[in-house]
Amino acid sequence: MNYRHDFHAGNFADVFKHIILTRVLLHLGLKPAAFRYIETHAGSGVYDLSGPQAARTAEWRGGIGRLALSELAAGARELIQPYLQIAAPLLDLDPPRYPGSPAVARALLRRQDKMLLCELHPQAWRALKANVGFDARAKLIEIDGYVGLNAFIPPIERRGLVLIDPPFEATDEFGRLAGAIEAAWRKWATGVYVAWYPVKDVEKAASFARSLARSGVKPLLRLELQIDTVQPRGPLSRSGLIIVNPPFSLEAEARLILPCLSQCLAVGRAGSMIEWLAGE
Ligand SMILES: C[S@@+](CC[C@H](N)C(=O)[O-])C[C@H]1O[C@@H](n2cnc3c(N)ncnc32)[C@H](O)[C@@H]1O
């Protein structure tokens with residue numbers, strides 16, 4: 001377990017993931033009934049962008065750094081604004097910081113909502129405790145994310161969102177992820193699940209998507225964002241999200257958000273993809 005998200009915090013893939021996370025959480029907040037936010041691989045919660053890891057890669061400069069300075073197209077701008085309103089105050093700190101998914105979620109939780117965060121790396125766990133642990137709505141558990149997922153669903157609220165954001169260190173991570181999504185959906189079919197994956201190999205990612213489409217899990221929306229040509233041994237330039245039970249408005253929102261992000265964060269050959277893997 002060597003993965004440290006500090007190297008990548010605020011990069012294009014984080015920006016993409018956190019904007020979509022924001023859209024789903026805003027949708028869940030439309031109804032007064034409480035919901036629960038569950039994360040299997042929570043990370044540190046907040047990242048110091050001047051720290052040695054973030055400074056070494058400076059990936060955030062091509063992600064949130066660029067987005068925050070960009071003129072966004074009308075339509076997309078309104079949809080991205082809630083995320084920027086969460087990130088901007090932290091970016092303005094000295095030293096600048098970036099909100100990880102637990103901090104993004106925390107900003108959108110209401111009084112009645114709860115969150116449950118799983119994290120296994122001792123350093124990330126300590127940081128998470130310091131960054132989010134003081135919030136009475138948050139429960140932090142030092143547990144394997146896939147074990148936690150099986151143990152903590154369905155939540156008592158019976159409404160909510162699970163973010164599955166593994167480090168992809170293990171060679172069989174795509175298989176584990178597909179299995180975890182299917183098992184979770186069979187246990188709690190009405191939950192919203194958002195799963196992140198890297199695209200270092202386009203065929204491998206497509207085969208993961210096809211295996212989910214065959215599993216019976218539905219409805220299933222697949223989003224991908226690319227900022228440069230995919231090179232298996234090069235830096236990450238494309239990533240994807242699988243959304244189970246996406247809010248009804250998400251596809252239309254993604255059709256405005258993704259082209260805007262690909263244009264604004266492009267390094268080389270950029271683009272995006274929106275695909276229904278399975279309908280209702
Ligand atoms: C991609 S990062 C999470 C980033 C976070 N979701 C965000 O968007 O801000 C993956 C995290 O999973 C943690 N991790 C690795 N193996 C784990 C496991 N088996 N169970 C739970 N967490 C794990 C790593 O320490 C790392 O913090």
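Mentor: Let's talk through the ligand site, then some backbone features and helix pairs.
This is a predicted model, in which local features need pLDDT of at least 70 and side-chain atom pairs count only at pLDDT 80 or more, while totals for chains, interfaces and linings use all residues. Residues are numbered from 1 along each chain as its sequence is written, and side-chain values use heavy atoms, with hydrogens and water left out.

Trainee: How many residues surround the ligand?

Mentor: A residue is near a molecule if one of its heavy atoms lies within 4 Å of it. The closest ones here are His-18, Ser-101, Glu-119, Asp-144 and Asp-165.

Trainee: How far is the polar side-chain atom of Asp-144 from a nitrogen atom of the ligand?

Mentor: For a polar contact, look for a pair of N or O atoms within 3.5 Å. Glu-39 places a polar side-chain atom 3.0 Å from a ligand nitrogen. For Asp-144, the distance from a polar side-chain atom to a ligand nitrogen is 2.7 Å.

Trainee: How much of the ligand's accessible area does the protein cover?

Mentor: Accessible areas come from the Shrake-Rupley method with a 1.4 Å probe. On its own, the ligand has 600 Å² of such area. The protein covers 95%.

Trainee: Which residue does a cis peptide bond join to Asp-94?

Mentor: Most peptide bonds are trans. In this cis bond, omega is about 0 degrees.

Trainee: Are H8 and H9 roughly parallel or roughly antiparallel?

Mentor: Helix H8 (residues 173-187) and helix H9 (residues 202-215) have axes 10 Å apart, at an angle of about 20 degrees. Axes are lines fitted to C-alpha atoms over the stretch in contact, and angles run from 0 to 180 degrees between N-to-C directions. Angles under 35 degrees count as roughly parallel and over 145 as roughly antiparallel, with 65 to 115 roughly perpendicular and the rest oblique. H8 and H9 are therefore roughly parallel.

Notes:
Polar contact = N/O pair within 3.5 Å; in protein donor to acceptor, adjacent residues only side chain to side chain. Helix = DSSP H or I, 4+ residues; strand = E, 2+ residues; numbered from the N terminus.
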